[in-house]
Amino acid sequence: MDKKPKLVVAIKVGYAYSGYAYSFHDDFKQNPLRIGTFSWHSYGRYTTLKTSSAILCKPDGTFHSFGYSAEEQYRTLGEGAEQWYYFKTFPIYNELDDTSNMVDVTGEKSLLTLDLFSMALLYLRENLMEKLRARLYPLDDTTISWTIVTQQSHNKAFITQAAAQADMKENVTVLTKMEAALTYLQCASMYRARPFKPGTKFLLLDASSTSVELSTCENSSGKVVTTNPMTMTGGGNTLNNGIKSLIETVLGVNDLSEHDDISPLMREFEYKKRKIHPGSKETLVLQLPSRYKDAKPVNKRVVGKTIPGVLDDADFDGKVKLKDGKAHIEFEVIQGIFMACARDVISSLRDLQQKSVLKEVSSIIMIGGYSSSLFLQNAVRRIFHEIRVHTLFESSIADLKGAVIFGHSNGVQEINKSGLYSREKIQHYIKTLQDRTEKARNIRVIIVGQEGVGKSTLCYRLLDEDDDVVSTISSTDGVDIFIQRFLVDMVTKKRVKLDANTETQNVKTRIQQVLLLNKATDNVDELETDQAEQQENWETVQEPIHSVDTEKKMPQAKVVTETPTLPQSGKPPLSVDGATDTLLETIGSNRDAREHWADDMGTLIDVADGTDKPNADQAYLSLWDFGGEEPYYNTHHIFLSSDAIFLVVYNLMECIEGTEQVMDAATKRIKYWIRSAVNYSEKKLSGKCSIATPPVILVGTHLDQLSGTDQEIEQKLDKFEEKLCGMADFQAMKNHIYGFLEVNNNVRNHSGIVQLWSAITQVAPSQSQWEKELPARWLTLEREMMRRKETGEKVMSFEDVVSIGRTCEVEINDETEIHMFLKYLHYTGSILYFGEETENLGTILAKTVILDPQWVAQAFRKIITVPKFVDRKDKRANFLWKMYQQSAILDMEYLKIVWKQDKKMWFWKYKAVILAFMERLGLIARPKKEQEKSVDFVQVGTGKDETEEAEIEEIYLVPSLLSGKICFPREMTDRYAVKTRTLCLVFSDRCVPFPVFDKLLAACIEKFNVLKVEDEICLRRGFGIFRIDGVWSVAICCGSNMIKATIFKQSPIPKIEPGAGLRVRLFVEEALKNIMELYAHRDLKFTYHLHCKANVNEGDVTVPKMELEQRKLLPCCFSCEGDKHFIYRHELQPWFSEARPPVQDEYDEEYDLTSEVLEQCPTEMEMLGVSKLIGAEYFEFFILLGLESTKISQVNIEYQAETMPARFLHMFSTWKKAEGDKATIRRIMDAMKTCGLDTSEVVRRGVFETTTQEF
C-alpha cells in the first residue's frame, strides 16, 4: 500500500488571469476546506490571488516569462519588442486542437496554441513547486495529482494533451469551471452544516472578467446537476474598458494604448476597483502614462466610442480632472459606469425570470472575481429581494478550490464532518475577534554582559532548572532563546512554567481570554441595559399624555443573539432549522472567512460557554541569553528592541576585588551594555512604572566569592555602587536603571533570584509594547504563523503572511496592518522582520519573515563565532576556519561543511536567503568588482557540491573579523598625494557600539572598490581605503565616537575642487541613517567636524563645522604642543559644495560635444535618453545635479507604479522646472562623470546630437 503523502494541485490557465491552489491529503481529511494558494504581486504594490495570463516568448518562439513578470519584461524591451512574441490573453472560449494558433499583440505573428498552453501550465507548476520547497515540504517523496480547470468541456482533450507536453502525464484530471465550482459549493455546504436538501434549486452566477455565466442547479440524489446554462458578454472587463474609454474621451485620443503601455494604469484600476462600493463617495485617482503629465481635459468624444452609464452628449462638468499627470474621477461618474455594467447582468436575469426559470430557485450564489463588486451584488439583491443572494469568500478562486477537493475525493463523499458548529456561535466568535482588542503583555528578559560573568547560569536559575542541569551548561555561543517559558500573574506574582514550543497553544489561550473577557463585558452590558430599560419604562409611564411627541419613532426591538446549547455529548448538530433558506451563508463573505479554522473554533467556543473566569493580568515571559564575547556583538543588535528588560550582568569579584586594570575593564563593559540598552530608548506614556523605556537591572554575580564578613561585603558593595553612580555617563542613564541586585548562582533559590523575579515583574510595564491595545483579530494570524513555526517552517515571505491573513476567521487584508502586526511580533522577539516603508533596506529585508529567531541565530554562529566553539574533529573544516579567521573571507566550502552538519536545520538549503539576509543586515559584505578586473581575493575552497551544477562563486567579507594594524598606502602619504582635510562625524554619545562601524564598513565594501596595495587589500577592523572613481580614493577610519573620511589622489597639481568629497559624504550619511533605522539607535546623533589627521586617536580635538562657518579659520589640534596649525573655512568646500565644475585635466575636452550643445537646456526626449542610462547611482546623480533629496523621495512615492526610467524622467522635469535656463546639458554630463556613470555611452548613442532622435 502506498503510504506516500498525497498532494493535489489545481491549475487554471484563464482568459486574463491564471493561478493555482493545493492541499495535502492529511489536511484534507481534517478539514477539506483547508486549501492553500499564494499571492501574486503586480508592479510591486498590487496583490492578487491570480497572476496575469500574459506570456512572453523569445524571437525564436521559446518561453521567456509568464504573468506579471511577462508584462514587466515586455515593457522594458523597447524597440526590439516587435521581434518577440507577446500574448495578453488565452482563447479559452474557442474550440481548440493541436493545429490552433494564437496571434500575438502585433497581429502579425503567431505560435501554436498547444505550445503556449503547455508553457503556461509548466510555468505555474514549477512556480508552485519552488514555493512549496521553500517551505520545506518533502516533495521528492510525494504523490502529486493534477486537476486542471478549463472553461469549456469540449477542450478537455486539448488541455490533457497540453498537460502531457508540460510533463504532467500521470494522475491528471480535467474539469470544467462549472464542475469545479459546484464541487466546492457542495463540499462547503456539507462541511458547514448547510447540506443541500433534496430538490433544492439555486442559480449559480459566475461573473468573471470576460463574461457572466448563469446556470440553474438542483440537488438530485446527493449530486448537484446544472440546467439552462446561459452565457452573456460583459464581466469585469466591461468596467475596465469603460474606464479606458472615459480617459480617452477626456484626453481626446482614439486609443490610449496605441502609443503607450497602459498596463500600469489598468492594473491600478483593477486593484482600486475592489475598494469602490456604493458608500465610498471617494474620488478615483489614476496615474496616467508619463506623456500626459501636463495634459489638459479635452473632452473630445470619438465617433463610435461609448462609455457605460455616460450618455454620448453628456458633458462631464468638471467631474474628471487632470492634475500632475493623474486623472481624478469623481464618484458620481464611477458609480454610473459600475451601475451600467451591473444593469447588463440584471437584464439577463430578468430574461430568465420571464421564462419562469427562477420560479423555484431559492438562492442565487455568486462566484467569480467580478461578483465581489458590491454594485453588482446590490443590484441583484434589489431586483430579486425575495431570493437569498450569497457571495463566496475568495470567489475568484472557488473553481480552483473545487478542483482541489475533486482531486482528493472525486466528489465530496469523503468529507469529515467532525468540525461542524452552530452558525450563531461561529458568528459570535468571529464578531468578538473582529470588534475586541487585546492588551499586549509580554515580558522579554534580555541577559547581557561580559563573557564568563555567569549569564547562562543565571538564565537557567531563572528557568528553575535542577542543579544537575545547571552544572553541565557551558558559555553561550551567540544567543540562546527561550520563548514564552513562563505564564506570570502580574497581581499575585505567581508564575507557571510552560513547555518549549507551545506558542500556538499560548495564542489559543489568549484567544480564550478575549472570548471570556467579552462574555464578562456582555453580561455587565446586558445588566446595565436591563436596568436602563426598566428606568426608561418607568419614566415613560409617568410621562403626561399631552407631552408625547407624535413624530417620535417607535422603539426598536433589541437584537439579542442567542447561542444554542450543544448536545450533552459535546458533538455539534449536523443541521440547523432553516438551512435551505440560508443556503451557504456560513461560507460566505470577506467578513466570515473561516474555512481553515473549524477545528479550533469548537474548543474555543466551548471555553467561552463554560464557567471559567477571565484573567486579564497574565503575561508570557521569554528569556534571551546573549554570548559575551566581542565578535557576537555584531549579531546581538538584530535581536534587540525597546520591548525588553535588560539584565546587565557583571562579576562582583572582578569589579570589587580584582586588579585596577581588571576593575576598570569590568566597569567599562558595564557602561557599554547599559548604553547599548539605552540606545533603544523610547518615550513611554504609561504611569504604572517610573523607570524609562527600556528598563535596566544591574545584576552582580559571584556574590559567594567576595571575602569578608557580611558587614564588610555590604560595605564593599556600597562603595562599588557609589563609584558607578558618581560617573557622569552613569548619571545620564539613571532614568533607565532600576537598581543593583546581587545573586549567588550556586544556590537554586537564592534570595537574590527571588528579588530579581520581583524586580522583573515590577519594571515590566516600562517595556515599549506593554499593554498596547492590539486588534484581537491579529491573534488568528499569529496562531497560524506559530503553527507553521512549530511544524518546522523557518522562513516566510511577506506575501505568504498576506495570503494567510486573507483566509483567517477574521480577514486581515490590509498590507499596512499586516506590516504593523509583523513589526509588533518583531518587537516581542517572536519573529524577525525588518520591513520598513523605505526602499533603502532592500527586498530581502522588506519581504522576508524569519519565523524562528533561534534558527537564524544558529546559522549566524556558524559564521561569526569564537575559536572555543569551533568543531576540531573535521580537520578540513578546522583548517578552513583558521584561514577564514585570518582573512575574514567567507569560504563557501567551509560554509557548506558547517551548515550541512545538522541536516535538520536546513541551513544550506536556505543558503541564498540567509546570506542575503546577513548581507542586508551588514554582517557580511560582497566586495564590489571593478569593471575590467575584480579585486583579487584568495579563494580557499570552491564550496561546490558534486551533485550541483558549477556556478560562479560569490565572495563575502566579514567586517567584524577583520584584523591587523592600520596602515595608510604610500599614494596617500608621498609628495604627490593631494588630500582634503579629514571630515569627522562626531557622535554626541561617547560610547558608540562598534557594530555600527562594522556595518558602515560593510556598506562601503559593497559600494566602492577596495584598494589593493602589493597583493594586500586595505581593510582592517573599522578601517578601509576605497576607490571612488578613476581619480579619487577615500580612507574611512572608525573608532571611539567618531568616523573619519579623507579623500585623496595622486597629482602634481595640489588642487581640490569644490564638491570632490560630496559623493562620499552623502553616501556615508545615508548609510548611517539606514543603520540607525534598522537597529533603532534613535539616540545616536552626530555633527560634522574637520581635522588634520586621517586616523582616529583617543583625545582628538576636532573643529566643528558650525563654528568654522562663522570664522575664516580656527586652530586645529591646539592641545598638541609644538604643532600649531589652522583649518580654513574654504576647506569645507570639498565636502559640502552643491556642485563640482569640470576640470580640464580630469575630463575629456567638452565630452566630445560642442560647446553650443553643452550649454543648451535638454529636451524631454534627451532627458528620457539619459534616464535609460541611469541605474543604482540615481540618488547621487540627482543630488549632484542640484535636486533636493526630498524631491527625489517625493517622485519615488508619487510615481511608484512606474518604471525607474519613467521616474527619472519625472525627476529631470522637476529639476528643469526649478533651474530654468541653468538646467544645461553640461551639468548633466558633469554629474554623470562625478558619480561614475559612463558619459561616452551618451555620446555613442547620440542622445544630445539632435532633438529629433527616437528612442
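These exercises look at salt bridges in a predicted model.

Local features need pLDDT of at least 70, side-chain atom pairs count only at pLDDT 80 or more, and totals for chains, interfaces and linings use all residues. Residues are numbered from 1 along each chain as its sequence is written, and side-chain values use heavy atoms, with hydrogens and water left out.

**Exercise 1.** State how many salt bridges a search of the whole structure finds.

*Solution.* Start with the term: a side-chain nitrogen of Lys or Arg lies within 4 Å of a carboxyl oxygen of Asp or Glu. The search of the whole structure gives 39 salt bridges.

**Exercise 2.** Find the partner of R926 and describe the exposure of both residues.

*Solution.* Step one: the partner is E919, with the closest N and O atoms 3.2 Å apart. Step two: apply the classes, where buried is under 20% relative accessible area, exposed is over 50%, and partly exposed is in between (1.4 Å probe, protein chains only). R926 has 30%, so R926 is partly exposed. E919 has 13%, so E919 is buried.

**Exercise 3.** Explain what the salt bridge between E1159 and R1226 ties together.

*Solution.* The N to O distance is 2.7 Å. E1159 sits in the loop between α34 (1155-1158) and α35 (1164-1171), and R1226 in helix α39 (residues 1225-1234), so the pair ties together parts 67 residues apart in sequence. Helices here are DSSP runs (H or I, at least four residues), numbered from the N terminus.

Notes: Helix = DSSP H or I, 4+ residues; strand = E, 2+ residues; numbered from the N terminus.
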